Structure formats: C-alpha cells, structure tokens
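Colleague: I am new to this structure and would like to learn how to read it. Please take me through a few features in turn.

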Amino acid sequence: MTAPAAAPDRAPAAPADPRVTVERPGLLTTVQDWPGRTGYWHIGVPPSGPMDDLSFRLGNRALGNPEGAAGLECTMAGPALRFAAPAWVCVTGAPVEVTVAGRPAPMWRPILVSAGDTLDVGTVRGPGLRCYVLVSGGLRLPGYLGSAATFTLGGFGGVQGRALAAGDTLPVGPAAGPPTGAVPGGEQPVLTRHWQVAVTEGPHGAPEFFTRADIDTLLRTDYEVHFNSDRTGVRLIGPKPRWARDDGGEAGLHPSNIHDTAYTVGALDFTGDTPILLGPDGPSLGGFVCPVTVTAADLWKLGQLCPGDTVRFVAVRADRSAPPGELGAARRADWPVVLSSGGDGDDGVLRRGETADGTAVTYRRAGDDGILVEYGEMTLDLELRARVHALHERLRAGRERGITEMTPGVRSLQLRLDPAVLRTAAALDLLVEAERELPAADDLVVPSRTVDLPLSWDDPATREAITRYMHGVRADAPWCPWNIEFIRRMNGLDSVDDVFDTVFAAEYLVLGLGDVYLGAPLATPTDPRHRLITTKYNPARTWTPENAVGIGGAYLCIYGMEGPGGYQFVGRTTQVWSRGTDTETPWLLRFFDRIRWYPVEAAELLDLRADFAAGRGELRTTPGEFRLAEHRRFLDDNADSIDAFRARQNAAFAAERESWRRSGELTERTPAG
C-alpha cells in the first residue's frame, strides 16, 4: 500500500486503463457536471448538476480540470473507489474522513491514488450534507441533451440515469495538466448549522400576493430544514403567511395559486402554505408564488442544508451579488454571515409598461440573473398567451447575446441572462424596444396539431396515489378520498358523470411544456364552458404516477414522470416523453397542440404504455392552425352561455371557499396596515 502523495510538479504518465471501479457506492452518489443540462428549461428538463457548485468547481480547479468536468456528488456518505491506474483526486464539500489504501488523506487538495489502490470516502460528519469527489481528467460518460449530469427522476445522465451501484466502472479522461495545488482556505466555503442565505426580492411579493407583514416575517424567521428534502427542493418549516388575497381565482382556491409561470432554481416556492427552496432537479413550470429568490452566489448553500438546520433569509441588492461564474473572494463563501444594508425595496417589480392597445406589462425580477415578463391581469386569457408567443418568437429571431434561456408560461415569459454579457437594465430596455415591434395579437396564427390521446378514467394508479397521500401526508383534505368528486363539487356539477362528459368533450390547448417535468403539457380548454376549476393539493403529494392526468386551477397537466404533484386526478394516459433512440427531441408535444381524449380501460392503457416504452407507439395527430381572431369570434358568439356557465361555477367556488374558511382550511387574513 502507498500513502497519498502531495501535488507534484507534473502529472503522472497517461494510464493504459483509466477506469475507476465502484466497490461501495455510498448512500446516494451520482455523476454530475457543471453547469449541467442547460437550454431545456422550456420543455421541463432541469439543469441538474452539483447542488453545491462551489465545492465541485473548486475541486476541479485544484486538479487543473475545466471547472465543469464531470465528478461525483455524495450525499451523507461517500463511496469506495478502486483505481485501475494512477490518478489525482480531490475531495471537497462537507467534512468527511478520506483514506487512500487505508491511510488518512486530506480534503481540499489534490492527492495521488496509485494503481490498484482504493479511495475511501466515509460518512459526512457535518455540518453540511454533501461532499464531492473530483478526478484529474474528469469522468467520461455519455452525455444526454448535452450533459452527463444525472437526473435520477428522469432516468438519464450519469450511469444509466441512476445513483452509483457496486460494480459500476467509470471511465476517466486524460489529464489536461498537473494539479494546480490546494484550494486556499480563504476560498473554501464555511459550513454551519445556522445559515444566512442571500435573496433578492421577487418575482411575486407584497403587496399583490403577500402582506407586508408576511415579508417582514419571512426575513425575520429562522426556518427549519425539513427531513423531506432532496435535490428537487429543500422543504422548510416556518410560520404560515397571512396572504394578501382570499384565493387564486381561476388558478385555484388557495391564495398561493397563480397561473402557471416559469420557476427559477433557488426560488422560495410557497406550495400552499409550505415554503420550498427549489433545487437543481426541481420543476421548471408551476402555479405557486415565489416571493424571494436565492442569489446565484449563494445557491451552493442549498446543497449543504441538513434536516434540522436553520435558515435565515437576508435581502440583498441584486446588482451587488457576485455573478454565477465567480469563484473567488467576491462570492464571500468563507463568511458565515450575509452582509447587507437591505434589498432593492421594489417588491421585485423592475418596471411597468403597457402594449400598444393598453394591456399592462409587468417586468419582475426572477433572481439576480433573470426577468419575468407578465402580461395583463391575473386571469386566464388566450390573448395574453398569444402576446407571450409573439415576444418569444421576436427574441428568438433576434438571437440576442446574453439571453441564455427563455421559458413561456400562461401569461408570462421568463428570461435567464448571462450578467457578464447582458445586464438586467440593458435587458429591460431591450424588452421594451421589442414590445414596440410586436404585431397585433389579432394577427396571431400558429401551427396547431390536434393530438388524440387515450385516457384511463379514474385509473387504479391514481387511486393508489390518493391512498398513499391519505396515509402519509393527510387524510382530512377536502379532495380526499376521491378527487373527481371534489372536482364535481368545486364546479357545481350535478354528478361525477358530468365531470367525465366535460373532460372528454373538451379540446385542450397546450400553453406550456414541463408542468411537471419532461415535456408534460400545461393545457386549458379552448371553450371556457369546458374549463373545470379546482385547487391544488396543500401540502403537495410526495408521489404521483408517471403520466397521471390532473386538473389544477383551470389547467390540465400530464405528469411526465413519477414525482411530487398537486393537481386533482382524473386518470392516466400514455407517455409524453420518448425513452427510445430520439435523444435530440424526445418530447412529443408542442406549444399550441390541441389534445383530445378518447376513453380506454385500465388494462388497455397498460398495453398502450408498453407499446410506447418499446418504441412502437405513435401519436395520432392531425395538422391544423390556431387563429386568435377566430377564437375571439367564438367567444363573442357564445358569450351568454359562457357567462351562465361561469356564474354557476363561481357560486360553487365561493361555497367551497366558505366551507374551507369555516373548517380552518384557509388562513384568516388580517387587513394590511
């Protein structure tokens, strides 16, 4: 056995067999790279990548690797890895015992592992939750959508889309050069059990959605990290907001509900009354408000938050936060506190304006490197989605430098920026100028296929999910034990058969993709008389079967994969994401597709799903167009019956809300002072 060596002046000779064999995988060890799988947020693919990007990138830099080279993220306990050839490694992140060939080895500096020796990374001692193992040359695994980062919920990236298992072999790339030396102590992040986290205001704060008192409470509370936290999000325990609204209107009964909009990694997402910090495996689109967003410089802290830790949010000026690419002193990771004289004081609203026809435009802050453009009032109006589409297409055609990603929502468009190329102030000017050049909404004509999909009504898998929710989360929810009966009651229908008839008569227009994940469509009926309104689970489900179909607010969603969720179930359908050979465009649906359902029995659906999984399934589609002018004429021609339907629906909605108020389901609001 050999002891680990100090960093040399030159790298070892190129090995003949640069493989690493996993002898013990650790509790949850995955392959990650940085910045992960970017460019697919608009169709529901999260970036993944290391939760603590700072420790990961510093380890790579110490080895002379590119900062984003693939390495291992280890949660709570690390792996034992046997090296077939000599290699330099660096272990960073939360404190953990490291040995090479049975002898102690240091963290935060390159160490040489000889051929045949085993690197053993033990259990994280704390504070912190995750450590990282980086190898000179980086791990060389096949990419998926441009990245080797593992997304376990989606089943892709890394080693077959899963955590490491004993016996796995990991190929190692050639070293770019010798290690550069240990990570300086002043650059290593300080870990604690009582965290201060820098946040920017917005996108959805006071006084529109939260009261001033709510925001004051949010910034003065030491939230506790819940044990039910993971890479999708860090769930927090703290006081319930009082809320500035009675409900979410068409978006849902709870005041946290809004019309679906793009999320930001690091946003504090209130799913009902439960705050969750969205992680790098979190959803891209959803219908809950986010009052503050963690700065890019402090996102690394999410990866080290342990159950039982406390979190205090500190508002900062967005223009004083270090950019995402920074690794040095400007990131202030070696400081246990966040220094701030206060936030921007603008409630997350960067600018307000209006379109040529007087429609309001609100430009909201979406983190220190993002803007959310919202059109009109908080209502479901396909004309607003048409405006979003026009802006999206205008910016895509312009290929503006510095805009790294764009994600449309129901009445909004989120832009992610590279602050080194395009600052927020310049991006706002660009958006205002683009707005002046947009065509009239009446001129909108877009390709719109009709897509016929099977629906197993009240499917056994969705029934099982409700049962699990009742046993593991709450049994007294108003939507339990049968979501379809709850939908009937919320909409003032005479029987559950009316729910069935309404869903199968509707034509659902796809307004967004990725709600929830992997090309999952967010859709609403083109005919308002088919728009069944419900509220979302509060708290959310911890498990939803793949391709379950649910309704939340006035929207229908097909869940792209297993995971959490909150929409009220009506059934289950076939896959909307290809697991076959198409690795360039595996999503099957498009913006402005029109979904129509045809009924199938549960057993028949399983056969259809098996065909899709085997690559034999095909979408039944018919080409067509969606013309906004025609839709407007339809609304005018049927205005009386639409108004009558809405009146009946609103009365049932109000009755349900009053029932919730009497039972204590809704928080009593106090007037804002």
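The dialogue below goes from the whole chain to a sheet, a strand and a pair of helices.

Modeller: This is a predicted model, where local features need pLDDT of at least 70, side-chain atom pairs count only at pLDDT 80 or more, and totals for chains, interfaces and linings use all residues. Residues are numbered from 1 along each chain as its sequence is written, and side-chain values use heavy atoms, with hydrogens and water left out.

Colleague: What radius of gyration does the protein chain have?

Modeller: The radius is taken over C-alpha atoms, and the globule rule is 2.2 Å times the number of residues to the power 0.38. For 673 residues a compact globule would come near 26 Å, and the protein chain, at 25 Å, agrees with that. Of these 673 residues, 58% are buried (under 20% relative accessible area, with exposed over 50% and partly exposed in between, 1.4 Å probe, protein chains only).

Colleague: How many helices and strands does the protein chain have?

Modeller: There are 10 helices and 37 strands. Both are DSSP runs numbered from the N terminus: helices are H or I with at least four residues, strands E with at least two.

Colleague: In what order do the strands of the open sheet run?

Modeller: Strands of a sheet pair through backbone hydrogen bonds, either parallel or antiparallel. Two strands count as paired if DSSP finds at least two bridges between them. Here 5 strands follow the order β2-β3-β10-β5-β8, with antiparallel pairing.

Colleague: Is strand β31 enclosed or open?

Modeller: Strand β31 (residues 548-552) has 5 of its 5 residues buried, so it is largely enclosed by the rest of the structure. On one side lie Ala548, Gly550 and Gly552, on the other Val549 and Ile551. Glycine 550 has phenylalanine 569 as its bridge partner in β34 and cysteine 557 in β32.

Colleague: At what angle do helices α6 and α10 pack?

Modeller: Two packed helices are described by the angle between their axes and the distance between the axes. Axes are lines fitted to C-alpha atoms, for helices over the stretch in contact (heavy atoms within 4.5 Å), and angles run from 0 to 180 degrees between N-to-C directions. Helix α6 (residues 483-491) meets α10 (residues 639-663) at about 115 degrees, with the axes 6 Å apart. That makes α6 roughly perpendicular to α10 (65 to 115 degrees; under 35 is roughly parallel, over 145 roughly antiparallel, the rest oblique).
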